[in-house]
Amino acid sequence: MSNSDSDFDDDDDALLQDVLYGRTQLPVIAQTPTQIKPVQTTTTQSSAPSILDDKVQARLFQADGEIATLRAQLLQLQNQRQKEVAELTNSLNAARQSSEDQVVLLKTAVQRLEDEKRFLNNELMATNDFKRRKTAHGKFTTPHQSVQEGNNLKMEQEPAQVEPNKEVVMEPTVPVVIAKPIQKIVQLQNDSSLLVDQLWNHCIIGSKRTSFEYLSKICLDLDLELRSGLKILKRTAIVSSIVEFLMINKNNTLDKLVERFTLSLMELIEQLLKLKNILSVPFLVSLIHCSITFRPAAVKEKLLTELVRRLSKIAQGWAFLLDSNLDEDDLANYHEVPYQVMVLEKFIFVSCLDLIERLVAVSSISKPEVIRSLWQKDTLSQALIKSCLPENSERFKNTAQINVVFNIVEMLAASVTEDTFAFNDTRLDESIISSLLKVFLIDIPLRQDFMFYGLNRILGNNSDFLKIDSVIPVDHDHLNNYLVLLPQPVPFNIAIPAQFRVDMNHEYHLFTLRVRVAQLLLGLIVTKETFDFLYNREHFKSMIRVIGFEQNYIARYPRSKHIHLRIQLIGILVRIIDYLTQDLRETNELIYGEQMYEMFVVFLRIAFGADSLSIEAHELLAKIRNQPRFVELPVFNKWCETRARELNHISPHTNSGDTIASVESDYANGLEFPYESETVELARDILNRFVDHDEAENLYFNMNPDYGSDQEMEFV
């Protein structure tokens, strides 16, 4: 063999074979005929196998095997390389073809836009020429009259007509002037003007009056001048001072106007809280919210941090209102304020958290450093987060309020990036995850005087906002005062909605929150590419138990209004459990031994459930939908069927019955079709990780008993 194992060819192999079997001959030397015979004799004698001992022969056998092995490996590598080259070539060709197709589409779109532009330019020129000719032939005015009429010109005003055969006689001293058409210049408003208009028309969700209308009925009993230049005059509507401040700063750029306006209102709110004059505070908070959401890109990072820090401090001062152990009498004695002020304080607390949530959400479009700066303990209070989302189960039952918990969940969702989550403290973040899982297990009840939509969502109930609306008169109060300083008493005859409607709205709010929490946990796993924060037996037990609770409810009430939310929640939790069990080495690392039975029951219900309507059920549904009078008749679940049509933009009266039946058949309804197909497949994959083939067959026979038919056996 040569020095390198790869340096070989067929000639070397043939030589070795000849040596091995004794067929090697020495080269024949050209000599005289008398010398040929001795040489042949010598060669014959030297080719005898006896000259090779057993050791050399064994080494030659070994070399021959190594050569064959190396040749096979080389051939395999060459084939693999050729296959990879072919795949890369195909990928390159496909990408090039896709790019060329996209370029063609873009060129076509550009050409179409250019054609439309030329067409519109031609139409505009023709229209202007027509107007110019019509004005020149039909109207004669002096320059003074032309300017005066031009100032009063309207968009749809037609020029005065002159009879074509009638002569116009004018005095020779007055020159005849053919007036040119006055072109009305439509000046686009800048962003600052649009912001002022937005503030002027801004309404709190569920309100019939704008925030400016509320502030137009509220005044102070003293003059107040702030460092920003905002001046509040005594016994004058607050809205007049705010409008004057906006007009003074209207010419600033949008980012500067937003910064000056929001910080001025923030300073005004702090001053009013010190004076215990809180009637106008929630409406001022709503104006800050409107300014932030108008153009989020115009909000500076420094402004976000400053507003979050100051609002967090204000909200922390009202956190004691969440404690339900204080009954009405104790709270009144402790707080020493009337009922309408207590309701107003709770609305201020909810509004402040809504605004903090919006600020944190706006920060998510910035760099991770900005998000990290907002979640510092000196900016966003950790005590506020713990008060709103307590870790202790008993305290969670007594203090959790659904609007506030929703705020914290949205803030946490906005903080999720590859490098950041919440306070970026392992111990504190684990405590937050533990508190979030309690949202699944513990029902958050309705809280008295906390039933508000807030500033961000139309979810839940808004009946308590009627109390806020009643404390500010529309025209004047009972003493004929058109401006009020203190909130008016809440009337006794205020409208109270039906309890069933309140409960249904709260249930929808609660399950929307639970779905949002599940989406947050799933998004955290996908973004961080880790599930260490959930790799805990208690967390796994909680998720299994939640799925079991929801399955029992679906089985008992399959025609419930919010079945689709329960099905969606189960689907997300199954996906999370699939991530947790993909690389599971030992079962006891994640699952308690006594919980295996519960886990099997939960996933067997899904794995052996239907992932689509049966043929008979689909035919029945199509037969019903093909009859015009039954096109909207509830068959399995009214709300699931309605939602399926809405998601697919299907109108019952314009589409065929077969189309409607097909759309409704693909949407899980909790009865005939309990789960989505993806959820069923994931549940089967999870079961495969915990059972072998024999156990799987036993489970199948137990879930699908054979009553004298061999069809299922043949299927297995």
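## Exercises around Phe349

Phe349 touches Ala315, Trp318, Ala319, Leu322, Leu384, Cys388, Val404 and Phe450, leaving aside residues up to four places away in sequence; contact here means heavy atoms within 4.5 Å. This is a predicted model, in which local features need pLDDT of at least 70, side-chain atom pairs count only at pLDDT 80 or more, and totals for chains, interfaces and linings use all residues. Residues are numbered from 1 along each chain as its sequence is written, and side-chain values use heavy atoms, without hydrogens and water.

**Exercise 1.** Find the residues with the most contacts inside the largest nonpolar core.

*Solution.* Start with the term: a nonpolar core is a set of buried Ala, Val, Leu, Ile, Met, Phe, Trp, Tyr and Cys residues joined through side-chain atoms within 4.5 Å. Buried means under 20% relative accessible area (1.4 Å probe, protein chains only). Next, the largest such core has 173 residues, and Ile242, Phe349, Trp375 and Ile576 have the most contacts inside it. Its largest share, 14 residues, comes from helix H12 (residues 339–363); helices are DSSP runs of H or I with at least four residues, numbered from the N terminus.

**Exercise 2.** Decide whether Cys388 is buried or exposed.

*Solution.* Take its relative accessible area, which is 1%. Cys388 is therefore buried. Now try Cys640: at 2%, this residue is buried too.

**Exercise 3.** State how many disulfides a search of the whole structure finds.

*Solution.* Look for pairs of cysteine sulfur atoms within 2.5 Å. The search finds zero.

Conventions: Buried < 20%, exposed > 50% of the residue type's maximum accessible area, 1.4 Å probe, protein only. Helix = DSSP H or I, 4+ residues; strand = E, 2+ residues; numbered from the N terminus.
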